[in-house]
Amino acid sequence: KLLLIKRQIEREALPHAYLFSGPDENAKGEAIELILRNTLGESWARSLDFFEISGNPITIDEIRTLKSRAYSSPISGIKNVFVIRNMENLSRDAAPALLKVLEDPPASALIIATTANQRLLLPTIQSRFSVLRFYKRVFLVDELTLKLGYLEKKAREFPDFFNLKCFEEALWARRALTDQTINKRLINEYLTLLAL
């Protein structure tokens with residue numbers, strides 16, 4: 001994902017709004033920082049063109065402030081950059097206000113939103129973002145082998161359907177990790193669902 005963002009920065013082809021979804025908070029943070037450093041400079045955190053929202057819930061007043069700043073000219077740079085963390089916390093009142101900004105985005109504004117679960121967002125809002133998904137790195141074979149030992153012990157001690165199935169699926173995933181033709185990201189998502 002970082003490579004894609006770097007290419008977009010080099011080509012000056014950043015979209016007006018990004019949605020970074022998925023469970024890998026570190027990777028999302030790196031991507032946000034990359035964009036902020038390249039748009040606002042090294043001291044982006046103190047820039048007057050930077051605005052962050054991370055409330056729970058995210059209120060309509062915060063979105064109104066974002067809207068008014070988005071339609072204002074940048075003070076020190078070429079873009080106003082807004083980061084909305086945990087978009088799933090968007091209140092019912094705030095969602096339509098944000099949608100209006102996303103439907104008619106000012107050229108001098110860039111909105112970066114994050115969410116752990118994209119499915120919690122309204123489809124109309126999702127459709128206005130360029131979505132990048134961030135998943136935790138794929139398990140290494142050695143790490144999975146350790147987890148297999150734990151799952152095997154659990155399956156032997158409590159041989160119910162769930163424990164046996166988890167062990168069986170983890171065995172399959174271990175074999176799949178060594179197969180170069182299988183999509184590693186999908187395996188990682190599957191392992192995450194198994195709660196390994």
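Guide: What follows is an account of the helix pairs, with a pocket and some backbone features beside them.

The model is predicted. I begin with helix H1, residues 2–10, and helix H2, residues 25–40, whose axes come within 10 Å and cross at roughly 15°. An angle under 35 degrees counts as roughly parallel, and H1 and H2 are therefore roughly parallel to each other. The crossing in which H1 passes H2 is right-handed. On the H1 side, the residues in contact are Leu-2, Ile-5, Lys-6 and Ile-9, and they meet Glu-30, Ala-31, Leu-34, Ile-35 and Asn-38 of H2. By class, this contact holds six nonpolar residues, one polar residue and two charged residues.

Two residues of that contact, Ile-9 and Asn-38, also belong to the lining of the second largest pocket. This pocket has a volume of about 220 Å³. Besides Ile-9 and Asn-38, its lining comprises Glu-12, Ala-13, Leu-14, Thr-39, Ile-78 and Lys-79. Four of the lining residues are nonpolar, two are polar and two are charged.

Glu-12 is located in the loop between H1 and strand S1 (17–21). Its phi is positive, about 55°, although the residue is not a glycine. Most residues other than glycine have a negative phi, and most peptide bonds are trans. Pro-57 lies in the loop that runs between strand S2 (50–53) and helix H3 (60–70).

The axes of H3 and helix H4, residues 94–103, come within 8 Å and cross at roughly 15°. H3 and H4 are therefore roughly parallel to each other. H3 passes H4 in a left-handed crossing, whereas the crossing of H1 with H2 is right-handed. From H3, the residues Ile-60, Ile-63, Leu-66 and Lys-67 meet Ala-94, Ala-97, Leu-98, Lys-100 and Val-101 in H4. Seven residues of this contact are nonpolar, none is polar and two are charged.

Methods
Residues are numbered from 1 along each chain as its sequence is written. This is a predicted model: local features need pLDDT of at least 70, side-chain atom pairs count only at pLDDT 80 or more; totals for chains, interfaces and linings use all residues. Side-chain values use heavy atoms; hydrogens and water are left out. Axes are lines fitted to C-alpha atoms, for helices over the stretch in contact, and angles run from 0 to 180 degrees between N-to-C directions. Helices (H or I, at least four residues) and strands (E, at least two) are DSSP runs, numbered from the N terminus. Angles under 35 degrees count as roughly parallel, over 145 as roughly antiparallel, 65 to 115 as roughly perpendicular and the rest as oblique. A crossing is left-handed if the near helix is turned anticlockwise from the far one by less than a right angle, and right-handed if clockwise. Contact means heavy atoms within 4.5 Å. Ala, Val, Leu, Ile, Met, Phe, Trp, Tyr, Cys and Pro count as nonpolar, Asp, Glu, Lys and Arg as charged, and the others, Gly among them, as polar. On a 1 Å grid over the protein atoms alone, a cavity is a set of points where a 1.4 Å probe fits but cannot get out, and a pocket is an open set with protein on both sides within 12 Å along at least five of seven lines; lining residues have an atom within 4 Å of a point. Grid points are joined across faces, edges and corners, and a volume is the space filled by probe spheres set on the points.
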